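Here is a short report on a pocket and its ligand. Please have the sequence and the model at hand.

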Amino acid sequence: MKIITTKNYEELSKKAANIIAAQILIKPECVLGLATGSSPIGTYDRLIKYYEDGDLDFSTISSVNLDEYRGLGPDDDQSYNYFMNEHLFSKVNINKERTFLPNGLEKDADKACNDYNNTIEHIGGIDLQLLGLGHNGHIGFNEPDESFPISVHCVDLTPSTIEANTRFFENEDMVPKQAYTMGIGNILNAKKILVVVSGKDKAEILNTVINGPVTPLVPASILQLHKDVTFVIDEDAASKLEK
Ligand code: F6R
């Protein structure tokens, strides 16, 4: 596991974007695993800048996102599909036909999950998976549990995740209570994993993830077992790291 500590969020975003840009340059037809949330926004902004400056070409890559709220479609401004269009896809020359998210509008949960597992498999697996870290140690929407879910599944979001996501909605009642998410197995199958973590509020959980025991009660702790993981974190997030 590699840990890169940066001064602040801006520098973190630059470092993370450079790692993604390097992946695209080395393998222009690569598959990127992408995340939503606040953490990667600066990274996406930086990638957009590289594209605008003529330094990065997205035309041959494919992408698969970690998760999507169950019940929300691409036109809903709270859906992750909408988020990705807003923060990346509509601003670069990515082929929209090659961008994939779970189908939030598919009511049949088994079908939604099977279809998305097949999508990830048919696309040839993920070269680089970008992750944020939840306050309870979740990655994707893999919440603390008694075991590690392997493949794409439908989850009930925990009260703490619903509360954390309320900031994006008018009120807590409007936050969807379920999501389709890649499983831990899908994430661990990625050849490389890049985790971006920023802020004092993530310092404690980050220390637990990196230095604590590997346990499904802290889903991200499983990343300790992956052979190519890079954490790009800022000084605030690093402030409680024991080693
Ligand atoms: C997003 C996702 C989540 C977030 C996590 C951190 O697609 O799967 O696991 O990465 O909740 O969110 P932020 O970055 O908003 O703190």
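The report covers the basis of the values, the pocket, and then the ligand.

## Basis

This is a predicted model; local features need pLDDT of at least 70, side-chain atom pairs count only at pLDDT 80 or more, and totals for chains, interfaces and linings use all residues. Numbering starts from 1 along each chain as its sequence is written, and side-chain values use heavy atoms, with hydrogens and water left out.

## The largest pocket

The largest pocket holds about 650 Å³ of space. A pocket here is an open set of points on a 1 Å grid over the protein atoms alone, where a 1.4 Å probe fits, with protein on both sides within 12 Å along at least five of seven lines. Its volume is the space filled by probe spheres set on the points.

The lining counts 35 residues (an atom within 4 Å of a point), and T36, G37, S38, N165 and R167 lie nearest the centre. By class, 14 are nonpolar, 16 polar and five charged; Gly counts as polar. β4 (67-69), α3 (80-87) and α5 (159-165) each supply at least two lining residues. α5 gives the largest share, with four. Helices (H or I, at least four residues) and strands (E, at least two) are DSSP runs.

## The ligand

The ligand takes up the largest pocket; the test is that more than half of its atoms lie within 2 Å of the grid points. Its shell has 14 residues, with S39, D67, H138, G140 and K202 the closest. A shell residue has a heavy atom within 4 Å. The shell divides into three nonpolar, eight polar and three charged residues.

Taken alone, the ligand exposes 400 Å², and the protein buries 92% of that (Shrake-Rupley method, 1.4 Å probe).
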